[in-house]
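Keep it short and grouped by topic.

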Amino acid sequence: MFPIHRPRRLRTHSQLRRMVRETVLTTNDLIYPLFAVPGEGIAKEVKSMPGVYQLSVNKIVEEAKAVYDLGIPAIILFGIPADKDVDATGAWHDCGIVQKAATAVKEAVPDLIVIADTCLCEYTSHGHCGYLQVGDLTGRVLNDPTLELLKKTAVSQAKAGADIIAPSGMMDGFVQAIRQGLDEAGFQDTPIMSYAAKYASAYYGPFRDAAESTPQFGDRRTYQMDPGNAREAIKEIELDIAEGADMLMVKPALSYMDIIWRVKEASNLPVAAYNVSGEYSMIKAAALNGWIDEKRVVMETLTSFKRAGADLILTYHAKDAARWLLE
């Protein structure tokens, strides 16, 4: 019974462990989310997301420079408009907050990749991701009319300088509609990162504080995916691939690593995982209470996303992770 095979031999020294490590996290894997608001000199911390701020455009530029200096290759922009209406005007207007932020960042840090979240919930007065039937209080979004709004939004974001368009509303056919709109406007080379498998998750709570996008009534379960479904995720990604998606996303990440794995196995496209607000805030809360080692838990969590198959990780931990990777 003497053990011939002793796996512990390769664990005896930190350098040896580093040499044989199967999954390696780097700053190239990270995308940092930012929330843009109107005004000047604004940096308002999100109460439920310690360390995350709503930022005016000039502060967004400062953050973009800091992100770039840390070696993080990309940011994703979300916007909180001054006014909201049923037509989500702030989402697609040339002077919209995301458009202003994208232009300012590209002028200041041209080599930083700017991803624009292409959704409507932050901009509609009711907080849902598109048009609703007049008098509807259930939140059942009208799919096809909403596609026209998404096309307008994507084109305006690309005109403003966004390098990647990331539609997140889970409307049927949204990738094809946006691809058509971008191509017709001369943006054939602008890629689409589709939120292909986005679940109706309770983990989004703090984000809705940050983006001020809580639905005024109903919920989003008529268009976002049921958390119990896995095969449906493959159907969704296959449809988005057929419609012209260049990259795919799974959201959330922590409770959906099996979905990340399935999507990676089913596709040759780059796969992104969104480490969402609730996941971030749980770690932050535990760390602030001294219950966990924040650095070790964050790095273990991000590495696990990559091990599950994620090529890219959208995370509010990105700046901290980049600093720790440089140590």
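Arg220 touches Cys121, Gly127, His128, Cys129, Arg208, Ser213 and Pro215, not counting residues up to four places away in sequence; contact means heavy atoms within 4.5 Å. This is a predicted model: local features need pLDDT of at least 70, side-chain atom pairs count only at pLDDT 80 or more, and totals for chains, interfaces and linings use all residues. Residues are numbered from 1 along each chain as its sequence is written, and side-chain values use heavy atoms, with hydrogens and water left out.

- UniProt, in an unreviewed entry, places the feature "binding site" at Arg208 and Arg220. Both Arg208 and Arg220 are included in the lining of the largest cavity.
- UniProt positions are given in the numbering used here, feature names are shortened, and annotations may be inferred rather than shown by experiment.
- On a 1 Å grid over the protein atoms alone, a cavity is a set of points where a 1.4 Å probe fits but cannot get out; lining residues have an atom within 4 Å of a point.
- Arg220 is found in the loop between helix 7 and helix 8. Helices (H or I, at least four residues) and strands (E, at least two) are DSSP runs, numbered from the N terminus.
- Arg220 is buried, with a relative accessible area of 6%. Buried means under 20% relative accessible area (1.4 Å probe, protein chains only).
- A polar atom of the Arg220 side chain lies 2.6 Å from the backbone oxygen of Gly127.
- Arg208 sits in helix 7 (residues 205–211). Leaving aside neighbours within four places in sequence, Arg208 is in contact with Ser213, Thr214, Pro215 and Arg220.

- Ser277 belongs to helix 10 (residues 277–288). Ser277 is buried, at a relative accessible area of 1%.
- Beyond four places in sequence, the contacts of Ser277 include Met49, Tyr203, Phe207 and Tyr316.
- Tyr316 lies in the loop between strand 10 and helix 12 (318–326). Tyr316 is buried too, with a relative accessible area of 4%.
- Beyond four places in sequence, Tyr316 touches residues including Tyr32, Pro33, Val52, Asn275 and Ser277.
- The side chains of Tyr316 and Tyr274 are joined by a polar contact of 2.8 Å. A polar contact is a pair of N or O atoms within 3.5 Å; within protein, one must be able to donate a hydrogen and the other to accept it, and residues adjacent in sequence count only if both atoms are side-chain atoms.

**Strand 10**

- Strand 10 (residues 312–315) is covered on both faces. Leu312 and Leu314 are buried on one side, Ile313 and Thr315 on the other.
- Strand 1 (residues 30–37) pairs with strand 10 in the parallel sense over two bridges. Ile31 stands opposite Leu314.
- Strand 9 (residues 271–275) pairs with strand 10 in the parallel sense over four bridges. Ala272 stands opposite Leu312.
- Two strands pair if DSSP finds at least two bridges between them.

**Helix 8**

- Helix 8 (residues 231–243) has 13 residues and reaches 19 Å from first C-alpha to last, close to the expected 18 Å. The expected span is 1.5 Å times one less than the number of residues.
- Its buried residues are Ala233, Ile234, Glu236, Ile237, Asp240 and Glu243. Their cover includes helix 6 (174–184), strand 7 (193–198), strand 8 (247–251) and helix 9 (257–266).
- Gly244 follows helix 8, with a positive phi near 115°.

Methods: Buried means under 20% relative accessible area, exposed over 50%, partly exposed in between (1.4 Å probe, protein chains only). On a 1 Å grid over the protein atoms alone, a cavity is a set of points where a 1.4 Å probe fits but cannot get out, and a pocket is an open set with protein on both sides within 12 Å along at least five of seven lines; lining residues have an atom within 4 Å of a point.
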